[in-house]
Amino acid sequence: LFFGAGYIANAILQIPDTELTLVALSPAIFFVSIASVMRGYFNGRDRISATAKSQTLEQIFKTALTVVVVEIVVMMYGTNVKIMAAGANLATTLSVLLSFGYLALYYKLYKRKPKKPLRRIKQESAISIVKRIIWVSFPIAISAIMSTLNKNVDSMTVIRILKEAFNMPENQAILQYGILSGKVDTLITLPLSFNVAFSTALVPTISAAIAVGDKKGASRRISFSMLLTMIIGLPFTFGMAVFAQPILNLVFPNATSGAVLLQLSAFTIVFSVLAQTANGALQGMGRIMVPAVSGFVGLVVKIIS
């Protein structure tokens, strides 16, 4: 991403001003990867609070650092939008680094504490364990990639379609895409960040219940999580559909356009959060290919649409 930022910005996204932003964001990939493994370890050890706290701290750092870094950029370079955007994404990289630092420190302290021994079912070689990890993680990774690609379809198609099919000037096309990605998508993904706890917690709890043959317990956990997901999703869906313009006025007082787009997108919220929880349940049940296949189908439908 660091060395290919120019090509991605100019050829793929067709937004040349994003090159600096991609460069600023690229170091985050390294720390996100290691932090994900550490979070997986803590989830497997039933220390889900470590994951939750690290993600919460990451959001707090991101919010605070974005304000600080952008203010520093404005003082040094004036209101240069390109550099301000890069600064905001540099804040994201720094917040990921700090979140990783918290996990590393927590792991160091956690190792010193006496832990409940894990029930060993059978002895396995390291190669056998690695093979099983790859066998399980590959479909889950594919599912996550499909989700990311689903979002990136807009970045590769919207501007092109607006320019070529509607003869819209490039600056106007970029502006419209900015409304979609910068405002609407940001608001639409907010409920997913609230709901992520259920989908994350479901994987180890359901797999543990199924491992000991407690299918009723697993079913109860899934039903309860889906109920809570509906309680989160429905108010967000109808709230954003009905109060789209007041929400934009409140959150983006200097750029309030995009109400119709928000109203249309609001109806995806309830399905997105239900899919998020269902994916966690399916992965906990060992049906790890189902989310990947459904994600692929959704991606194909979106590209054709």
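## Exercises on buried and exposed residues

At 9% relative accessibility, Ile179 counts as buried, where buried means under 20% relative accessible area, exposed over 50% and partly exposed in between (1.4 Å probe, protein chains only). The model is predicted, so local features need pLDDT of at least 70 and side-chain atom pairs count only at pLDDT 80 or more, while totals for chains, interfaces and linings use all residues. Residues are numbered from 1 along each chain as its sequence is written, and side-chain values use heavy atoms, with hydrogens and water left out.

**Exercise 1.** Find the helix that holds Ile179, and list what Ile179 is in contact with, leaving aside its neighbours within four places in sequence.

*Solution.* Begin with the helix, which is α7; helices (H or I, at least four residues) and strands (E, at least two) are DSSP runs, numbered from the N terminus. Then look for contacts, meaning heavy atoms within 4.5 Å: with those neighbours left aside, Ile179 is in contact with Val184, Ser257, Gly258 and Leu261.

**Exercise 2.** Determine which residues of helix α11 (residues 259-266) are buried, and where they lie around the axis.

*Solution.* The buried residues of α11 are Ala259, Leu262, Ser265 and Ala266. They cover an arc of only 130° around the axis, which puts them on the same side of α11, the arc being that of the directions from the helix axis to the C-beta atoms. On the other side of α11, Val260 and Leu264 are exposed. Finally, the cover over the buried residues includes α7 (170-188), α9 (215-242), α10 (244-251) and α12 (269-284).

**Exercise 3.** Describe the largest nonpolar core and the elements that give two or more residues to it.

*Solution.* A nonpolar core is a set of buried Ala, Val, Leu, Ile, Met, Phe, Trp, Tyr and Cys residues joined through side-chain atoms within 4.5 Å. The largest one has 19 residues, and those with the most contacts inside it are Ile188, Met240 and Leu262. Two or more residues come from each of α6 (126-164), α7, α9, α10 and α11, with α7 giving the most, 6 residues. A second, separate core of 11 residues includes Ala35, Ala50, Val96 and Tyr110. Returning to Met240, and not counting residues up to four places away in sequence, one finds that Met240 touches Leu187, Ile188, Ile247, Leu262, Gln263, Ala266 and Ile269.

**Exercise 4.** State whether Phe296 is buried, partly exposed or exposed, and name its helix.

*Solution.* Phe296 is found in helix α13 (residues 289-304), and Phe296 is partly exposed, with a relative accessible area of 45%.
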